[in-house]
Amino acid sequence: MAKPVQIEVWNPNGKYRVVSTKSMPGTRWINLLIQQDCRLEICTEKKTILSVDDILALIGDRCDGVIGQLTEDWGETLFSGLSKAGGKAFSNMAVGYNNVDVEAANKYGVAVGNTPGVLTETTAELAASLSLAAARRIVEADEFMRNGKYEGWLPHLFVGNLLKGQTVGVIGAGRIGSAYARMMVEGFKMNLIYYDLYQSTPYGQFLKANGEQPVTWKRASSMEEVLQEADVISLHPILDKTTYHLVNKERLAIMKKEAILVNCSRGPVIDEVALVEHLRENPMFRVGLDVFEDEPYMKPGLADMKNAVVVPHIASASKWTREGMATLAALNVLGKIKGYPVWGNPNDVDAFLNENSPPPAACPSIVNSKALGLPVSKL
Ligand SMILES: NC(=O)C1=CN([C@@H]2O[C@H](COP(=O)(O)OP(=O)(O)OC[C@H]3O[C@@H](n4cnc5c(N)ncnc54)[C@H](O)[C@@H]3O)[C@@H](O)[C@H]2O)C=CC1
Ligand SMILES: O=C(O)C(=O)CO
């Protein structure tokens, strides 16, 4: 028998029981659920990462849907528990869903939601920030100032890399990768080279179609081509078996000695042990990392590396985005409970984010909608 977990209850007499494993930013998501007859239970437990047992205790004997987090292990045990409690809806408050076993969800007929689009620009802005922080050694210089080491201007003090006219490489040119490319190309006039396993028409072709060619751009036929040519490389693929340790010892070795590598995707896309060794052997090589292989931990030695800028998985952390993620996650769960169809285009979820009008009667983004045979909205 799992231990009880602390909760806060909204609309106690609501017909549908929805659980959120965390408090989330904003109040719109709460209001949307309670206005539609949901009793909402928000876990208020102090620990950051809930265990499977904690979540089973939250689900209890009767639960219609759960809003969960990317730190949780949504597999066979939780989907079976949710299904036994009568639940058919789960949504991650994240676009990435590598923490979810979608096959297990399919087996129990549970819809799995995610939150695309609303975090694209915010995440790309953090990748751009990390690129600049690494290129211009901002964190090292800040520490130097605060430690009272500044004695006056010097020709060699914190010399870094100029971006203008250099080449930016993007691995995984989906929503976020393309937005990052746009920022670096338009903002810093960098040339672009990108690699994506599937995508064939991202930003470069958009520029061409608009008669604009302020920079050169090309699609690489292999990831190695990007690693060899680019001065700044940003990783934006999903995490799956094709991208696990995509950047490993051999691939680090073919990058330029003074290159900058940024990761705002998922930690295991880089072999972090190999990265620490590479940073140690190549002091002019720099990284900007938002994600880590074994979060919340860093591999031994990484924290000591002056050529690494590290932040705690905050790429989507703007107020507007986090409130929007909460709204999309809540609407995924609510929509499934109410029997709404699935929104036709998960790349355009703006209609759900407009605070001045009620959201469409649809689930914004359900990743296993085809497998479950869910109808598509005609709105
Ligand atoms: N650090 C953070 O806080 C955040 C991290 N993310 C991560 O970023 C990922 C991407 O998000 P979106 O751009 O919205 O997704 P997306 O699906 O639009 O883009 C992912 C791209 O990766 C490509 N891809 C897949 N396998 C590949 C491979 N083996 N090699 C090269 N490219 C490959 C896909 O074809 C696709 O174009 C998410 O899945 C999530 O893990 C997203 C938001 C915030
Ligand atoms: O959405 C995601 O995938 C994140 O990592 C957090 O925004």
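Guide: For the classes used below, Ala, Val, Leu, Ile, Met, Phe, Trp, Tyr, Cys and Pro count as nonpolar, Asp, Glu, Lys and Arg as charged, and the others, Gly among them, as polar. The model under discussion is a predicted one. With those classes, the shell around ligand 2 divides into five nonpolar residues, three polar ones and one charged residue. Its members are L70, A94, V95, G96, L119, R266, H313, S316 and M325.

The side chain of R266 places an N or O atom 2.7 Å from an oxygen atom of ligand 2. For H313, a polar side-chain atom is found 2.8 Å from an oxygen atom of ligand 2. G96 takes part through its backbone, a polar atom of which is 2.9 Å from an oxygen atom of ligand 2. On its own, ligand 2 has 230 Å² of accessible area, and the protein covers 88% of this.

In the side chain of D196, an N or O atom is 2.6 Å from an oxygen atom of ligand 1. R175 contributes a backbone N or O atom, 2.9 Å from an oxygen atom of ligand 1, and a polar backbone atom of I176 is likewise 2.9 Å from an oxygen atom of this ligand. Of the 870 Å² of accessible area that ligand 1 has on its own, the protein covers 91%.

There remains the sheet. Seven strands form an open sheet with parallel pairing, in the order β9-β8-β7-β10-β11-β12-β13. Since β9 (217-219) and β13 (308-310) stand at the edges and each has a single partner strand, one side of each is left without a neighbour in the sheet. On average, neighbouring strands are turned by 15° against each other, direction ignored. Helix α11 (residues 272-281) lies across β11 (260-263), β12 and β13, and runs at about 145° to β12.

Methods:
Residues are numbered from 1 along each chain as its sequence is written. Chains are lettered from A and ligands numbered from 1 in the order in which they are written. This is a predicted model: local features need pLDDT of at least 70, side-chain atom pairs count only at pLDDT 80 or more; totals for chains, interfaces and linings use all residues. Side-chain values use heavy atoms; hydrogens and water are left out. Two strands pair if DSSP finds at least two bridges between them. Helices (H or I, at least four residues) and strands (E, at least two) are DSSP runs, numbered from the N terminus. Axes are lines fitted to C-alpha atoms, for helices over the stretch in contact, and angles run from 0 to 180 degrees between N-to-C directions. Contact means heavy atoms within 4.5 Å. A residue is near a molecule or strand if one of its heavy atoms lies within 4 Å of it. A polar contact is a pair of N or O atoms within 3.5 Å; within protein, one must be able to donate a hydrogen and the other to accept it, and residues adjacent in sequence count only if both atoms are side-chain atoms. Accessible areas come from the Shrake-Rupley method with a 1.4 Å probe; for residues, only the protein chains shown count as cover.
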